Amino acid sequence: MAFVKKQVDVTPIEDTVFAIVKLAKQAIMEKGDDAVVNATIGSLYGEDGRIVAYDSVFGPYDRIKKEVKAAYAASFTGNESYRKQVYEWVCGDNKLHLAHSVIATAGGSGAVSIAINEMLDEGQTLVIPKIAWGSYALMASMHNVVVTSYELFDGDRFHLRDFERVCREVMEKQHKLLVVINDPCHNPTGYSMSMAEWKQVIGFLNELSVLGDVVILNDVAYIDYAYQKDARAYLSVLNEMNAHVMCIVAFSCSKTLTSYGLRCGAALLLAKDAAQVREVEIVFEKMARSLWSNIPNAAMENFTYVTTIGKDSFLQEKQEYVELLRKRSACFIEEAEACALPCYPYKEGFFVTVKMPDNQTRDRFHEALMKQDIYTVKVNTGIRVAICSLPLKKCEGLAERMKEIYVQVEAER
Ligand code: PLP
């Protein structure tokens, strides 16, 4: 007997992050905070061990009239001022000569999920990186979409050859391509592609599009935590997309504003042909209406206020944390290099990932770390260290401790 539909995977979510967070909290209760390294939490935390909630964001939010908080949004696609401002914010100084539209979504997750659901038919294949945010695969599975993956790195660089190989294989099979590029500040490695890498990717996808339409799903959830000055410059390369290539940029207010709980984000549609953009907009609007109906009015109004009138104080406050991330990551990476603890090529962002030769070794290492009260998150062939929530004093000496434990794990093989 089954009440749910036939074509759905009924195995429970294996929320490994939540389970490890629980263990870390338990260890802190038993042994005290100083004795435990909790590098599991994927939100921005201050040096005081508390979640960051920007004054420049939540001050204005608290001043929003209760009637505005109570009201529905102006439309299923989002408030006009919000849609306009997301475009301005995401593009920054780049002048895009592309037709565009913005649809408000339930966080960045909403944008990614509707893109997977509406750009591919059931049974088709989505292309994602081999090391990736776990939700891509879950979303695909809930929409009965198959997943295949490309090798992310060739040494310290983006693995263009494998990206091309996998995209070509899928294109030849289904004459349609939806490929996720989580850049800049890739979760969980912290890699950001160079302009040259983006140019190669777009050049290749233009060529590939003779076989079928191409949709790039560019997940920019962490873009506002890049260390490089112009993290948005690569967007100008999208001007080179031909008429058979579209880009859907998934934007998240959760990270940008430290407002994870307000569930606000957007899908920014970019393509040469306005009619094609309009078609996707129509479908996304209907999807929005059928799923969440509309996005919290006050969350959208607040984003618009904070990134216009409140912009200077917001940028100043956010920059303090970008600098903090820079310090924490530099500390971990420099010490890791000094003791030869291998990490995936980190440039910027919330996480550093220690490289593992295979998932069996990773599992043993992860277990051994917990025995020494170091709590991390397992990712494919890696151990994710959430420097976004780890105070600087806990970053210090961590790489060396991890290396010592790793050496022991290897010795006990
Ligand atoms: N994309 C990536 C890579 C993420 O890590 C996350 C959140 O962890 C998201 C998108 C979506 O976040 P939200 O739905 O809270 O905006």
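Predicted model: local features only at pLDDT ≥ 70, side-chain atom pairs only at ≥ 80, totals over all residues.

Visitor: Where do the side chains of a strand point?
Guide: In a regular strand the side chains alternate between the two faces of the sheet. Helices (H or I, at least four residues) and strands (E, at least two) are DSSP runs, numbered from the N terminus. In strand β10, Gly265, Ala267, Leu269 and Ala271 point one way, and Ala266, Leu268 and Leu270 point the other way.

Visitor: How many residues of β10 are buried?
Guide: Buried means under 20% relative accessible area, exposed means over 50%, and partly exposed is in between (1.4 Å probe, protein chains only). Seven of the seven residues of β10 (residues 265-271) are buried, so the strand is largely enclosed by the rest of the structure.

Visitor: Which strand is joined to β10 by bridges?
Guide: Two strands pair if DSSP finds at least two bridges between them. Strand β2 (residues 99-105) runs antiparallel to β10, with seven bridges joining them. Strand β9 (residues 245-252) also pairs with β10 in the antiparallel sense, over seven bridges. Look at Leu268 in β10: Val102 has it as bridge partner, and Leu268 is the bridge partner of Val249 too.

Visitor: Which residues are closest to the ligand?
Guide: A residue is near a molecule if one of its heavy atoms lies within 4 Å of it. Here 14 residues surround the ligand, and the closest are Gly108, Ser109, Asp219, Ser252 and Ser254. A backbone N or O atom of Gly108 lies 2.6 Å from an oxygen atom of the ligand. For Ser109, a polar side-chain atom is 2.5 Å from a ligand oxygen atom, and for Asp219 a polar side-chain atom is 2.6 Å from a ligand nitrogen atom. Taken alone the ligand exposes 390 Å² (Shrake-Rupley method, 1.4 Å probe), and the protein buries 91% of that.

Visitor: Which element gives the most to the shell around the ligand?
Guide: That is α5, with three residues.

Visitor: How many disulfides are there?
Guide: A disulfide is a covalent bond between the sulfur atoms of two cysteines. The rule used here asks for a pair of cysteine sulfur atoms within 2.5 Å, and by it the count comes to zero. The sulfur of Cys91 is 10.0 Å from the closest cysteine sulfur, in Cys247, which is too far for a bond. Cys388 is in no disulfide either, as the nearest cysteine sulfur, that of Cys395, is 10.0 Å away. Cys91 is buried at 2% relative accessibility, and Cys388 is buried at 0%.

Visitor: What does the side chain of Thr125 make a polar contact with?
Guide: A polar contact is a pair of N or O atoms within 3.5 Å; within protein, one must be able to donate a hydrogen and the other to accept it, and residues adjacent in sequence count only if both atoms are side-chain atoms. The side chain of Thr125 makes one with the side chain of Lys173 (3.1 Å). Thr125 lies in strand β3 (residues 125-129) and is buried, at 3% relative accessibility.

Visitor: Where does Ser293 lie?
Guide: Ser293 is in the loop between α10 (274-291) and α11 (297-306). Its side chain makes a polar contact with the side chain of Asn294 (3.1 Å).

Definitions and conventions
Residues numbered from 1 in each chain as written. Heavy atoms only, no water.
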